[in-house]
Amino acid sequence: MRKDFGSKPWLYPMPVLIVGTYDENGVPNAMNAAWGGIYEDDQVMLCLSHGHKTTENIRRTGAFTVSFATETTRIPCDYVGIVSAHKEPEKFARAGFTAEKSAFVNAPIIAELPMTVECELAKFNEDGICIGKIVNVSADTSILNDDGEIDAEKLAPICYDPVTHAYRSLGGVVGQAFSDGKSLK
């Protein structure tokens, strides 16, 4: 038995992405964007409304960063999603975030968020989809495994549950991609 819900924007997991930009005065800004992901091998996409300060900043600077909200940064990451920089210009500082200038793009790396994708604006589609070219991915050494790769369990990213409006943590490893299905060959 199944229950029908109709057309809903429900996909699992939905990453909680924190988009970092600089405003016209070089003040760092951050916003929470639940609708985003990989667009191409070297591109990310974000669904951003035209009225966001972040959207204005990206259009002006041509750059942005995307970091992952984590279990330990859930509160400030939620805050930057519910407060507009148009109304609270100091929301970045109020969230307790500190900006480090990216060496690759004109956008801030948020020191408290351990993994960042640094992007140059490729284009905005007419429907508000922002596409960025990935220039660099940086990670704090605290989330690296013994082989120097990013460890998802140490990163502890959270996901957005669009049905219950909850933040959820990711579970542990349950299998190996591009391998487990070989048993059916």
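Guide: This is a predicted model, in which local features need pLDDT of at least 70 and side-chain atom pairs count only at pLDDT 80 or more, while totals for chains, interfaces and linings use all residues. Residues are numbered from 1 along each chain as its sequence is written, and side-chain values use heavy atoms, with hydrogens and water left out.

Visitor: What is the order of the open sheet of three strands?

Guide: Strands here are DSSP runs of E, at least two residues long, numbered from the N terminus. Two strands pair if DSSP finds at least two bridges between them. The pairing in this open sheet is antiparallel, and the order is β1-β11-β12. Its edge strands, each pairing on one side only, are β1 (14-15) and β12 (166-169).

Visitor: Which residue in β11 is the bridge partner of Pro 15?

Guide: β1 and β11 (residues 158-161) run antiparallel and are joined by two bridges. In β11, Pro 15 has as its bridge partner Cys 159.

Visitor: Which residue in β9 is the bridge partner of Phe 64?

Guide: β6 pairs with strand β2 (residues 17-22) over four antiparallel bridges, Val 19 being partnered with Val 66. β6 also pairs in the antiparallel sense with strand β9 (residues 115-124), over five bridges. The partner of Phe 64 in β9 is Cys 119.

Visitor: How many residues apart are Lys 133 and Asp 42?

Guide: A salt bridge is a side-chain nitrogen of Lys or Arg within 4 Å of a carboxyl oxygen of Asp or Glu. Lys 133 and Asp 42 form one at 3.4 Å, N to O. Lys 133 lies in strand β10 (residues 129-139) and Asp 42 in the loop between β4 (36-40) and β5 (43-47), so the pair links distant parts of the chain, 91 residues apart.

Visitor: Is Asp 161 buried or exposed?

Guide: Asp 161 forms a salt bridge with Arg 168, the closest N and O atoms being 2.7 Å apart. Arg 168 is partly exposed, at 44% relative accessible area. Asp 161, at 4% relative accessibility, is buried.

Conventions:
Buried means under 20% relative accessible area, exposed over 50%, partly exposed in between (1.4 Å probe, protein chains only).
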